[in-house]
Amino acid sequence: MTVSEQRLQAAVERLKESGVRITPQRHAVLEFLLNSKIHPTADDIYRALEDKFPNMSVATVYNNLRVFRENGLVRELTYGDSSSRFDCDTDEHYHLICDSCGKIVDFHYPSLYEVEKLAAQVTNFDVTHHRLELYGTCPDCQQTTSINLSGTLL
Ligand SMILES: [Zn+2]
Ligand SMILES: [Zn+2]
């Protein structure tokens, strides 16, 4: 069994233990998420699966994502008014976001708990968590830009 198959099976077990019924659609959404490195939106998931499940709606996808979130299987990343992205890596990690294509890449770095502690001391907040996002241009987009630039030079 591959690592992703093991993760899928563990996730299915966790859902079953909390009494969640595993429908074929729910299984497919979960499988897609666990194999996805792009932090997809609900729309991305819907588009990837609509051929296989013509009766599935975006609302179904959202409903499944909510169930997964409530069971600690995904994290929802909200960005103002643009649609949420979903991350099935629930370990503490940070994100790099490409300004050109919106891609989100994981970046593992020791968690900055000292910052939380200091912020709590200074502000008297009960600090629960933090997010750190780094912005820039991904390698793919850097290449596209340089091709465009040489194009204009010619
Ligand atoms: Zn990019
Ligand atoms: Zn992530």
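**Reading the metal sites and the core**

Mentor: Let us begin with one residue: Cys 138 is buried, its relative accessible area being 8%. Please bear in mind that this is a predicted model.

Trainee: What do Cys 98 and Cys 138 tie together?

Mentor: Cys 98 belongs to strand 3 (residues 94–98), whereas Cys 138 sits in the loop between strand 5 (133–136) and helix 6 (139–153), so the pair ties together parts that are 40 residues apart in sequence. Cys 98 is also buried, with a relative accessible area of 5%.

Trainee: How should the geometry of such a site be judged?

Mentor: One compares the angles with an ideal, which is 109.5 degrees for four tetrahedral donors.

Trainee: Which residues are the protein donors of the zinc ion (ligand 2)?

Mentor: They are His 39, His 93 and His 95, each through NE2, together with Asp 87 and Asp 106 through OD, at 2.0 to 2.2 Å from the zinc ion (ligand 2). Their spacing in sequence is H-x47-D-x5-H-x1-H-x10-D.

Trainee: Are His 93 and His 95 buried or exposed?

Mentor: The cut-off for buried is under 20% relative accessible area. His 93 has 4% relative accessibility, so it counts as buried; His 95, at 3%, counts as buried too.

Trainee: Let us turn to the nonpolar core. Which residues of the largest nonpolar core touch the most other members?

Mentor: In this core of 23 residues, they are Leu 15, Leu 30, Leu 33, Ile 45, Leu 49, Leu 65 and Phe 68. Helix 1 (3–17), helix 2 (24–35), helix 3 (42–49) and helix 4 (58–70) each supply at least two residues of the core. Helix 2 gives the largest share, 5 residues.

Trainee: What covers the buried residues of helix 2?

Mentor: The cover includes helix 1, helix 3, helix 4 and strand 2 (82–87). Among the buried residues of helix 2 are Leu 30 and Leu 33. Contacts of Leu 33 include Ile 45, Leu 65, Phe 68 and Phe 86.

Trainee: How is the length of helix 2 checked?

Mentor: At 1.5 Å a residue, its 12 residues should span 16 Å, and the end C-alpha atoms of helix 2 are 16 Å apart, which agrees.

Methods
Residues numbered from 1 in each chain as written. Chains lettered and ligands numbered in written order. Predicted model: local features only at pLDDT ≥ 70, side-chain atom pairs only at ≥ 80, totals over all residues. Heavy atoms only, no water. Helix = DSSP H or I, 4+ residues; strand = E, 2+ residues; numbered from the N terminus. Buried < 20%, exposed > 50% of the residue type's maximum accessible area, 1.4 Å probe, protein only. Core = buried A, V, L, I, M, F, W, Y, C linked by side-chain atoms within 4.5 Å. Contact = heavy atoms within 4.5 Å. Expected span 1.5 Å × (residues − 1). Donors = N, O, S within 2.8 Å, 3.2 Å for Na, K, Ca; no water. Lists of a residue's contacts leave out its neighbours within four places in sequence.
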